[in-house]
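Hello! Here are some notes to go with the model we talked about looking at together. Have the viewer open as you read.

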Amino acid sequence: MSSTPSTVERAFAAALYADTDAALDTGASLLAADPASDTELAVRGEEFVAAAWRRGWQPADVVRIVRRELAGVHERLVSELVLAEAGRDRRPRGARWTAQLDALGAPDADGPDPAGATPARTDRFSYATAVLELYRLLLRLPSLEPLDAHVPRTGADGSSGGAAVPRDTRMLTRIRALLAKAEATGFPEEAEALSAKAQELMARHSIDEALLAARTHAKDAPGAWRIGVDAPYEAAKAVLLDAVAGANRCRAVWNEALGFSTVVGFEPDLAAVELLHTSLLVQATAAMTRAEAAQRAGGRKRTKSFRQSFLAAYAHRIGDRLAAVADAAEGQVTAVEGELLPVLAARDVAVADEAERMFPDTVTTRMRGVHDAAGWEEGAAAADRAQVNARTPLRRP
């Protein structure tokens, strides 16, 4: 004898597998008329989130795609579901996963309410509609390359190690603080000094970790992070991220359809890539705004083409500068640490192998819409002014 489908099951059958507004209205009407279905509806949402984890998604990825495709109410709803599901999740996760959950639960004075706050529900029908729209999206998320293949590993002291666990969060906190001050100051000399110090710390952190792993024969392995590449001008931003990744011994693969790049590398280098890319993007945006203001003051109207060309030139020129700086710095540091070169070479091979394993089939793409000469010239000039010495030569005792 078959059991009678629940209200939630009937609503899902009506709304989740069809794209029409009529189907959505039918499902929402069923849920709105049955308050007793709310508990089951929430549990099913957590199940959709857990299914996303099994398909390779992480908390920040899910929230980002919801923000990209839907609206603020859906972002709040999915944040609640992610945090609720985390309480049931028994699979060991890395430190970056935990940090993503912490960020979802933290209040943001400039953004939406913290995830733990209940979103405003003007009426049951509107709320049910939003939930079903969200579940439609979660149900159709494609499979992604899993990022936690090396997590966790347990050391002799019982602590977890591996590519997904940062070893020196105090150092990264200090670097973030320095870059934040560099981006906020209105004095170029102060910004340069702050950026140089942050970049020196990045280099020391990365090299120290590489040498420590080699000397202790640690079973370290590359990991991968996903970094959002948001509209507008995604192609130029992805090129910038690729340039930063390459200079920091990482590989970046852009997923245009889903709005992120996956960066493969060792943990200290991944952290440096994220921090430096974010800082350079802030610098580029500020420089572009100033350049546009100067163009308007000269009576010339600037367009989307100007901004696209500006960022494309900025990314291209930064790539050249980063490559030159990395090559020069590596030679100087190797003169101090004779064992460094083979250590870094081995890590380069490991990163290349991991990127190939994760992404055996990649294609190159052309950047479109880059045909504004003034935008290109301004972007290249701004890149020349940017602080990029991420691998400052070190003096070691």
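How are α3 and α5 oriented to each other, roughly perpendicular or roughly parallel? Point 3 below has the reply.

1. Ground rules. This is a predicted model, in which local features need pLDDT of at least 70 and side-chain atom pairs count only at pLDDT 80 or more, while totals for chains, interfaces and linings use all residues. Residues are numbered from 1 along each chain as its sequence is written, and side-chain values use heavy atoms, with hydrogens and water left out.

2. Overall make-up. The protein has 14 helices and five strands (DSSP runs numbered from the N terminus: H or I of at least four residues for helices, E of at least two for strands). Of its 397 residues, 47% are buried (buried is under 20% relative accessible area, exposed over 50%, partly exposed in between, with a 1.4 Å probe and protein chains only). Taking contacts (heavy atoms within 4.5 Å) between residues at least 6 apart in sequence, 78% join residues at least 24 apart.

3. The α3 and α5 pair. Their axes cross at roughly 80° and come within 9 Å (axes are lines fitted to C-alpha atoms, for helices over the stretch in contact, and angles run from 0 to 180 degrees between N-to-C directions). The two helices are therefore roughly perpendicular to each other (65 to 115 degrees; under 35 is roughly parallel, over 145 roughly antiparallel, and the rest oblique). On the α3 side the contact uses Ala42, Gly45, Glu46, Val49, Ala50 and Trp53, and on the α5 side Leu81, Val82, Ala84 and Glu85. These divide into seven nonpolar, one polar and two charged residues (Ala, Val, Leu, Ile, Met, Phe, Trp, Tyr, Cys and Pro count as nonpolar, Asp, Glu, Lys and Arg as charged, and the others, Gly among them, as polar).

4. The α5 and α6 pair. Here the angle is about 130°, with the axes 10 Å apart, and α5 and α6 are therefore oblique to each other. Ser79, Val82, Leu83 and Ala86 of α5 meet Leu101, Leu104 and Gly105 of α6. That contact has five nonpolar residues, two polar and no charged.

5. Helix α4. In this helix, residues 59-69, the buried residues are Pro59, Asp61, Val62, Val63, Arg64, Ile65 and Val66. Their cover includes the helices α3, α5, α6 and α7 as well as the strands β3 and β5.

6. The cores. A nonpolar core is a set of buried Ala, Val, Leu, Ile, Met, Phe, Trp, Tyr and Cys residues joined through side-chain atoms within 4.5 Å. The largest one has 43 residues, and Ile175, Leu240, Val263 and Val273 have the most contacts inside it. α8, α9, β3, α10, α11 and α12 each supply at least two residues of this core, and the largest share, twelve residues, comes from α11. Apart from it lies another core, of 38 residues, including Ala15, Val62, Leu77 and Val78.

7. Arginine 176 lies in helix α8 and is partly exposed, at 42% relative accessible area. Its C-alpha is 9.4 Å from that of leucine 276, which is 100 residues away in sequence. Valine 239, in helix α10, is also partly exposed, at 33% relative accessibility. The C-alpha atoms of valine 239 and glycine 319 are separated by 8.5 Å, with the residues 80 apart along the chain.
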